[in-house]
Amino acid sequence: MEPIIQINNVKKYFGTMEALRGVSLDVNKGEVVVIIGPSGSGKSTFLRCINRLEEYDEGSIIVDGIPLDSTQHINQVRTEVGMVFQQFNLFPHLTVLENVTLAQKVVRGRDKAEAERVATQLLEKVGIPEKAHAHPGQLSGGQQQRVAIARALAMNPKIMLFDEPTSALDPEMIQEVLDVMLTLAKEGMTMVVVSHEMGFARAAANRAILMDNGLIVEEASPEVLFSNPKEERTKAFLSKVL
Amino acid sequence: MTDENNPLIPPMNARQTGAAESKDGFDRWWILVAIVAAIILLLVFMKPDPYQRMILFVRDGVMVTLTVTVSSFLLVMVLGLFAALGRLSKNPVISTLASVYVEVVRGVPLLVQIFAWYFAFPSIVQGIGDKFHIPAFQDYLANPVGMAILGLTFCYGAYMSEIYRAGIQSISRGQMEAARSLGMTHFQAMRYIIIPQAVRVILPPVGNEFVSILKDSSLVSAVAVADITRRGREFISTNFIPLEGWMLVALLYLLMTLFASRIVTWIERKTRITR
Ligand SMILES: Nc1ncnc2c1ncn2[C@@H]1O[C@H](COP(=O)(O)OP(=O)(O)OP(=O)(O)O)[C@@H](O)[C@H]1O
Ligand SMILES: [Mg+2]
């Protein structure tokens with residue numbers, strides 16, 4: 001079966017700075033890939049290229065058979081790819097329920113009752129059904145991030161992208177978010193996760209990737225990459241993080 | 001005019017709200033509105049001559065001032081939005097045009113602009129009419145109220161666009177990205193996410209613009225619009241009462257501006273986001 005994400009030699013420049021210097025990666029359906037690497041190595045940029053929040057300058061990306069080439073295709077891909085951000089980016093002027101129903105209504109064209117049914121189900125799944133009518137500002141960071149996950153899932157994405165979903169959280173709230181992500185992984189969601197949570201990577205990931213300086217330096221199973229890496233740069237990075 | 005360099009500094013009325021708001025949420029600045037209204041009523045009843053006579057005389061001027069102000073304000077809101085979106089546009093032609101408009105308008109005094117609309121604009125139309133033999137254009141005469149509204153709108157649209165622009169830019173990039181990542185189009189993201197939040201940010205400065213337009217509408221009395229100022233001046237010069245007359249005109253403007261400020265504060269509080 002062909003990979004659900006096919007990334008081929010993607011390059012990205014910010015002015016003259018080369019943020020991605022030819023990255024290739026295939027992700028199979030149901031696979032969980034964790035990306036680690038030093039700050040500024042291009043992890044976010046890479047992730048954001050997959051749903052075209054960032055335009056890339058060279059190479060190609062094909063998601064679920066759709067090449068990211070025209071506006072129409074980009075919007076089509078975006079409805080199939082959910083994204084969770086470090087800063088949550090919930091819509092502060094809407095209630096939790098509205099956050100989760102809005103795109104269902106305006107993008108998927110679901111009616112209000114249907115959208116709310118889906119939203120309620122997902123809020124239960126992420127463990128905060130009682131907050132449906134609160135505003136994001138009234139929730140803790142962990143709760144906000146779980147709402148953000150529910151919001152993305154409401155579009156029934158085939159792929160979920162996570163960009164450091166727990167690094168803006170207080171330590172005691174990290175696990176509640178990781179638990180939701182673990183459940184998703186077990187259910188067979190295809191996930192690309194930028195995160196330095198080794199515990200999550202070991203428990204959920206099929207593959208771990210080290211990025212440095214706009215390139216994929218090493219790619220292996222989490223056990224191998226974290227405990228027994230081949231590349232010097234991986235060793236150097238891990239010795240700083242662990 | 002608002003502070004040109006920083007359109008997002010809340011106007012006085014908004015900044016005072018915090019201090020003036022009592023526990024039960026009552027906005028104490030309403031008391032000032034009541035006091036001004038009481039003074040006007042007192043003058044009218046205690047000294048019907050000249051106050052009551054004058055009020056009756058300028059009554060239609062009040063209507064003209066309100067008509068000019070409200071119509072200009074509504075048009076300004078629309079023009080300002082287009083100019084702001086224009087300046088933020090990725091299309092260089094559109095953004096340059098919008099920027100030139102804003103810079104030019106902000107560099108010319110409002111009174112001069114109003115004169116230009118009233119005196120210069122009709123002669124341009126007539127000139128075109130003469131050249132191409134269009135009778136409707138040749139006979140074109142400026143309608144004072146129409147030209148006044150046009151002049152105020154054209155000028156304030158530029159200031160308003162800067163307020164809108166700052167408001168839109170104050171919404172973090174992550175909001176647009178989150179919306180787009182859910183598959184919304186740029187238009188949908190603007191419509192459902194960015195503009196509703198920006199509206200709340202810009203409400204105080206927009207309200208302040210309304211008050212400014214209300215005050216600056218007195219300039220249109222220079223081009224034969226019979227607003228409060230012009231009607232007041234007529235009454236004053238036939239009755240020789242400069243002191244009482246201009247005091248009453250000032251009180252009438254003050255009552256309207258204070259009242260408008262309270263309404264703005266009230267709307268602002270209704271739409272505040274719980275953070
Ligand atoms: N919008 C931008 N404009 C200019 N340069 C950018 C922009 N976004 C990212 N960069 C640069 O591109 C490089 C890669 O950034 P990126 O955010 O992808 O790194 P990262 O690996 O996600 O880092 P972090 O761990 O700090 O999030 C960095 O050098 C960064 O400064
Ligand atoms: Mg990053």
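Q: Is Cys155(B) buried or exposed?
A: This is a predicted model, so every value here is computed from predicted coordinates. Burial is judged by relative accessible area, and under 20% counts as buried. Cys155(B) has a relative accessible area of 1%, so Cys155(B) is buried.

Q: What is the relative accessible area of Cys49(A)?
A: The value for Cys49(A) is 0%. Cys49(A) is therefore buried.

Q: How many disulfides are there over all chains?
A: A disulfide needs two cysteine sulfur atoms within 2.5 Å. The search covers the whole structure and finds zero disulfides.

Q: What box do the C-alpha atoms of chain B fill?
A: Taken along the principal axes, the box is roughly 70 × 70 × 25 Å. Chain B has 275 residues, and 45% of them count as buried.

Q: Among contacts in chain B between residues at least 6 apart in sequence, what percentage join residues at least 24 apart?
A: The share is 77%.

Q: How do I describe two packed helices?
A: Two packed helices are described by the angle between their axes and the distance between the axes. Now the case here. Helix 2 of chain B covers residues 30-46, and helix 11 of chain B covers residues 242-270. Their axes come within 9 Å and cross at roughly 155°. Angles over 145 degrees count as roughly antiparallel. Helix 2 of chain B and helix 11 of chain B are therefore roughly antiparallel to each other. The crossing of helix 2 of chain B past helix 11 of chain B is left-handed.

Q: Which residues make the contact between helix 2 of chain B and helix 11 of chain B?
A: Helix 2 of chain B contributes residues including Trp30(B), Val33(B), Val36(B), Ile40(B) and Leu43(B). From helix 11 of chain B come, among them, Met247(B), Leu251(B), Leu255(B), Phe259(B) and Arg262(B). The residues of this contact divide into 17 nonpolar, no polar and one charged.

Q: Where is Arg87(B) found?
A: Arg87(B) lies in helix 3 of chain B, residues 48-88. Its relative accessible area is 16%, so Arg87(B) is buried. Leaving out residues up to four places away in sequence, Arg87(B) touches Ser95(B), Ala98(B), Ser99(B), Val102(B), Glu103(B), Glu162(B) and Arg165(B).

Q: Is Asp212(A) buried or exposed?
A: Asp212(A) is found in strand 9 of chain A, residues 207-212. At a relative accessible area of 19%, Asp212(A) is buried. Residues up to four places away in sequence aside, Asp212(A) touches Pro38(A), Ser41(A), Val217(A) and Arg233(A).

Q: What separates the C-alpha atoms of Asp212(A) and Asn89(A)?
A: Keep sequence and space apart. Asp212(A) and Asn89(A) are 123 residues apart along the chain, and their C-alpha atoms are separated by 27 Å.

Q: What does Glu58(A) count as at 36% relative accessibility?
A: With 36%, Glu58(A) counts as partly exposed. Glu58(A) has its place in strand 4 of chain A, residues 58-63. Beyond neighbours within four places in sequence, Glu58(A) is in contact with Asn9(A), Val10(A), Lys11(A) and Tyr13(A). Glu58(A) and Leu20(A) are 38 residues apart in sequence, and their C-alpha atoms are 9.7 Å apart in space.

Terms used:
Residues are numbered from 1 along each chain as its sequence is written. Chains are lettered from A and ligands numbered from 1 in the order in which they are written. This is a predicted model: local features need pLDDT of at least 70, side-chain atom pairs count only at pLDDT 80 or more; totals for chains, interfaces and linings use all residues. Side-chain values use heavy atoms; hydrogens and water are left out. Axes are lines fitted to C-alpha atoms, for helices over the stretch in contact, and angles run from 0 to 180 degrees between N-to-C directions. Helices (H or I, at least four residues) and strands (E, at least two) are DSSP runs, numbered from the N terminus. Angles under 35 degrees count as roughly parallel, over 145 as roughly antiparallel, 65 to 115 as roughly perpendicular and the rest as oblique. A crossing is left-handed if the near helix is turned anticlockwise from the far one by less than a right angle, and right-handed if clockwise. Contact means heavy atoms within 4.5 Å. Ala, Val, Leu, Ile, Met, Phe, Trp, Tyr, Cys and Pro count as nonpolar, Asp, Glu, Lys and Arg as charged, and the others, Gly among them, as polar. Buried means under 20% relative accessible area, exposed over 50%, partly exposed in between (1.4 Å probe, protein chains only).
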